[in-house]
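Visitor: I am new to reading protein structures, and I would like to go through this one slowly with you.
Guide: Gladly; please look at what is shown here, and then ask your questions.

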Amino acid sequence: MLNAHTSARAPFPQAHSSGPSLKVERVNVAYSEGKLALRDASLTLEHGSICGLIGLNGSGKSTLFKTIMGFLNPLSGTVTVLGRSSREAQKAGQVSYVPQSEEVDWNFPVSVWDVVLMGRYGHMNRLRIPKKQDLEIARDSLERVGMTAFKDRQIGELSGGQRKRAFLARALAQQGQVMLLDEPFGGVDATTEEVIIRLLTELKNAGHTVLISTHDLDSVRSFCDTVALIAGRTVLEYGPTEQVFTPDNLMRVFGGAASHAAS
Ligand SMILES: Nc1ncnc2c1ncn2[C@@H]1O[C@H](COP(=O)(O)OP(=O)(O)OP(=O)(O)O)[C@@H](O)[C@H]1O
Ligand SMILES: [Mg+2]
């Protein structure tokens, strides 16, 4: 059962911290020749912070996540995660990623438990035999998102919000220092959103770095330390929420409809 107290458990392990956590420098990315999906995009995230990535549909948020993950190679520019390339950081199990729901093949025949255990792969040997600690962490992660009762359910047989929680549990199980979440609030109910925000805040307090894209502008001010506005295929503004999340800036990104969210 998921309720506002679900995450009131032992604190997350403290993350190591020195230097910037994530640095994206002047990145250009294209899916096809001659058409940039991201242009000259830069962003720096510090340890122990939550950054909200905000922009219209098609503005390049998922492209930025995939570039940070190393799924897309930039034409130019660099991505540094914990002082390493994104590939090296991932090899070391330091980057957890919750993809946008549309990116996942929900027909893939795996259970919720399988998905969460995948979060531990980076910690297992080549044969991927989970140790006691892996099982304990996977169980704890499921519990934190209130999905224990759905452990044996195929992922295709979950509701939208349950799918998000299953993938969030996988990311928690991974225990990476950097967590990337691409629209975790899409289609989730208010209680689930509250629980996710609480979990992210706990991670931040344990020194982790969180980058989260969201269309829920009303909640940004309450939990994001910094905000990155993405428009015109680039990061238009980036910085402390109170400086960047302003009616004027939102007007630049969204037009009049959303500027009330900052007031
Ligand atoms: N696989 C792809 N091949 C070609 N173009 C793509 C591909 N994926 C995305 N694009 C294009 O790149 C641009 C940025 O897309 P992206 O998915 O990063 O946007 P987004 O900000 O995540 O949008 P949304 O809010 O809808 O998730 C869009 O113009 C999109 O059409
Ligand atoms: Mg997207």
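**Strands, a ligand and helices**

Guide: Let us begin with threonine 80, which is found in strand E4; please keep in mind that this is a predicted model.

Visitor: Is threonine 80 buried, exposed or partly exposed?
Guide: A residue is called buried if 20 or more other C-beta atoms lie within 10 Å of its own, and exposed if there are 12 or fewer. Threonine 80 has 19 other C-beta atoms within 10 Å, and therefore threonine 80 is partly exposed.

Visitor: Which residue of E5 stands opposite threonine 80?
Guide: Strand E4, residues 76–81, is joined to E5 by two bridges, and these strands run antiparallel. In this pairing, the residue of E5 that stands opposite threonine 80 is serine 85.

Visitor: Which strands are at the edges of the sheet of four strands?
Guide: This open sheet is ordered E2-E1-E4-E5, and its pairing is antiparallel. An edge strand pairs on one side only, and that applies to strand E2 (35–45) and strand E5 (84–85). The edge strands are thus E2 and E5.

Visitor: How far apart in space are threonine 80 and glycine 93?
Guide: Along the sequence, threonine 80 and glycine 93 are 13 residues apart. In space, from C-alpha to C-alpha, their separation is 15 Å.

Visitor: Which helix gives the largest share of the shell around ligand 1?
Guide: Among the residues that surround ligand 1 are Tyr31, Asn57, Lys61, Ser62, Thr63 and Gln100. Sorted by class, the shell has two nonpolar, eight polar and one charged residues. The largest share, three residues, comes from the helix that spans residues 61–69, namely H1.

Visitor: How many of the residues of H1 are buried?
Guide: The buried residues of H1 include Lys61, Leu64, Phe65 and Ile68. H1 is followed by glycine 70, whose phi is positive, near 85°. The helix is mostly covered, and of its nine residues the number that are buried is seven.

Visitor: Why is one side of E6 left without a neighbour in the sheet?
Guide: The open sheet of six strands has the order E6-E7-E8-E3-E9-E10, with mixed pairing. E6 and strand E10 (234–240) each have a single partner strand, so one side of each has no neighbour in the sheet, and the reason is that both stand at the edges.

Visitor: Which residues of E6 are buried on the side of Val95, and which on the other?
Guide: In a regular strand the side chains alternate between the two faces of the sheet. Strand E6, residues 95–98, has both faces covered, with Val95 and Tyr97 buried on one side, and on the other Ser96 and Val98.

Visitor: How are helices H4 and H5 oriented to each other?
Guide: Two packed helices are described by the angle between their axes and the distance between the axes. Helix H4 (residues 132–144) and helix H5 (residues 160–174) pack with their axes 8 Å apart, at an angle of about 140°. Their crossing is right-handed. Angles over 145 degrees would count as roughly antiparallel, and H4 and H5 are therefore oblique.

Technical notes: Residues are numbered from 1 along each chain as its sequence is written. Chains are lettered from A and ligands numbered from 1 in the order in which they are written. This is a predicted model: local features need pLDDT of at least 70, side-chain atom pairs count only at pLDDT 80 or more; totals for chains, interfaces and linings use all residues. Two strands pair if DSSP finds at least two bridges between them. A residue is near a molecule or strand if its C-beta atom, placed from the backbone, lies within 6 Å of it. Ala, Val, Leu, Ile, Met, Phe, Trp, Tyr, Cys and Pro count as nonpolar, Asp, Glu, Lys and Arg as charged, and the others, Gly among them, as polar. Axes are lines fitted to C-alpha atoms, for helices over the stretch in contact, and angles run from 0 to 180 degrees between N-to-C directions. Angles under 35 degrees count as roughly parallel, over 145 as roughly antiparallel, 65 to 115 as roughly perpendicular and the rest as oblique. A crossing is left-handed if the near helix is turned anticlockwise from the far one by less than a right angle, and right-handed if clockwise.
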